[in-house]
Amino acid sequence: MQKRSLAMSAPACVSDLPTRFTNEHYLSRQARMESSVRSYPRKLPLAIAKAQGCWLTDVDGRDYLDCLAGAGTLALGHNHPSVVQAIQDTLTAGLPLHTLDLTTPLKDAFCEQVRSILPGELAQGRLQFCGPSGADAVEAAIKLAKTVTGRSTVCSFSGGYHGMTQGTLALTGNLGPKQTLGALQAGVQFLPYPYSYRCPFGLGGEAGIDAALHYVEHLLQDPESGVCRPAALILEAVQGEGGVIPAPRRWLQGIRAITEKLGILLIIDEVQAGIGRTGQWFACNDAGVVPDILVMSKAIGGSLPMALLAYREALDVWQPAAHTGTFRGNQLGMATGLATLQTLAAPGFLSEVQRKGEQLGGQLRALQNRVGCIGEVRGRGLMWGVEIVDKRQAANRLGSYPAFGELAKRIQQECFARGLILELGGRHGAVVRLLPPLIISDSELALLGERLQAAIVAAEQALAVAA
């Protein structure tokens, strides 16, 4: 008998989607239909049937506490009432869903709301809508910096993550995706990021910060350094994929002073750390630093695709259509983004994120004292990293142990088995990363801690047996 095509078996509408099949069924079909580039299903093997708040339910009926939250996109969790209502209102009102860069009353309201949360003079600056990914917004920021300054090079920082396009990958520290690509965008100079646990200068603490600032300033002013003065420095105020590494306040303030002194534009990538994730609107607010260009995506769209820049008005030297994108007019994303920003702006919301962050940080530090494999706990707000290390090996001069990516991977698997979804990052994939929705409750935070502890204990025992 001839096999039915996929098109013939497709349901007519969402309400007709089958529910009788298992995770294994959908995962096997995904493996046949989709590219091998897919990554999350290899670590989190489930087919999601429903989602609400901080919870996912798979097609087998099992519930998971979601501490990945769309890599930080779902600030309000899954299907928050304000987001669902914004979608329904947009659809029933007959508003356009796609407008290129033509304006609408909805877009106007969204722009006003975005400007209201921006730091310093950016609140009176310009917004630029980009294609609906953070990578495209970073590309636009780099192009703008080069256009403004007439310079062709950019400085980035080790451990930074800025996207997977050719241009943004050139700015990203992770070597893995670059290995098979050959030459990427030229003119990128990497600088050391102040990662105290693995200080690139072997100093740590305040001495490490001093050394990092001195190195950058000396390199950019030394006429024999071999490094041309760049158009911009780009950085994350909290490195996300790089292992949840918050920039020390004094270092970030020092970098701002250096760039102002030398006439170099400062671009801060707030794609993951922005929009309330750290308990403030933007991670750079913690140091009181205002960049020349600020990059936004993920949570700014309220769970739907959205990316944009904010920059000082004096930098608005673009020629019309110098950076375009078909989907920069995603009106539905503006509706959900507006609803999300209004919800986060409610009195006390961000202070609650800070309080919950202190609770989560306390839980993680207490866990560090109970297990043997945690080298460092770090984070802000509801963005935390737990660095997994191998204490069977010798520590370095700073007392830091080697990264233990194999154990971190096993911890992720044990978490999944216990109904806790999270991701890894950092050097050697050894940092367990926690990005729960900002609406997570105290009881859910306690459950997170219980499941994580059980997973770590089980993973340590499993690898001890295997050894």
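A residue counts as buried when its relative accessible area is under 20%. The model discussed here is predicted.

Q: Is threonine 104 buried or exposed?
A: Threonine 104 sits in the loop between α4 (81-92) and α5 (105-117). Its relative accessible area is 13%. The cut-off is under 20%, so threonine 104, at 13%, is buried.

Q: Which backbone atom does the side chain of threonine 104 reach?
A: Leaving aside neighbours within four places in sequence, threonine 104 is in contact with Pro96, Thr99 and Gln331. Its side chain also reaches a backbone atom at 2.9 Å, and that atom is the nitrogen of lysine 107.

Q: How many disulfides does a search of the whole structure find?
A: A disulfide needs two cysteine sulfur atoms within 2.5 Å. The sulfur of cysteine 199 is 19 Å from the closest one, in cysteine 155, which is too far for a bond. For cysteine 373 the closest cysteine sulfur is in cysteine 415, at 11 Å, also too far. The search of the whole structure gives a count of zero.

Q: What is the relative accessible area of cysteine 373?
A: Cysteine 199 is buried, with a value of 11%. Cysteine 373 is buried too, and its relative accessible area is 3%.

Q: How many charged residues are in the lining of the largest pocket?
A: The largest pocket has a volume of about 1300 Å³ and is lined by 48 residues, with Tyr40, Tyr161, Met164, Asn174 and Glu241 nearest its centre. By class, 16 of the lining residues are nonpolar and 23 polar, and the number of charged ones is nine.

Key:
Residues are numbered from 1 along each chain as its sequence is written. This is a predicted model: local features need pLDDT of at least 70, side-chain atom pairs count only at pLDDT 80 or more; totals for chains, interfaces and linings use all residues. Side-chain values use heavy atoms; hydrogens and water are left out. On a 1 Å grid over the protein atoms alone, a cavity is a set of points where a 1.4 Å probe fits but cannot get out, and a pocket is an open set with protein on both sides within 12 Å along at least five of seven lines; lining residues have an atom within 4 Å of a point. Grid points are joined across faces, edges and corners, and a volume is the space filled by probe spheres set on the points. Ala, Val, Leu, Ile, Met, Phe, Trp, Tyr, Cys and Pro count as nonpolar, Asp, Glu, Lys and Arg as charged, and the others, Gly among them, as polar. Buried means under 20% relative accessible area, exposed over 50%, partly exposed in between (1.4 Å probe, protein chains only). Helices (H or I, at least four residues) and strands (E, at least two) are DSSP runs, numbered from the N terminus. A polar contact is a pair of N or O atoms within 3.5 Å; within protein, one must be able to donate a hydrogen and the other to accept it, and residues adjacent in sequence count only if both atoms are side-chain atoms. Contact means heavy atoms within 4.5 Å.
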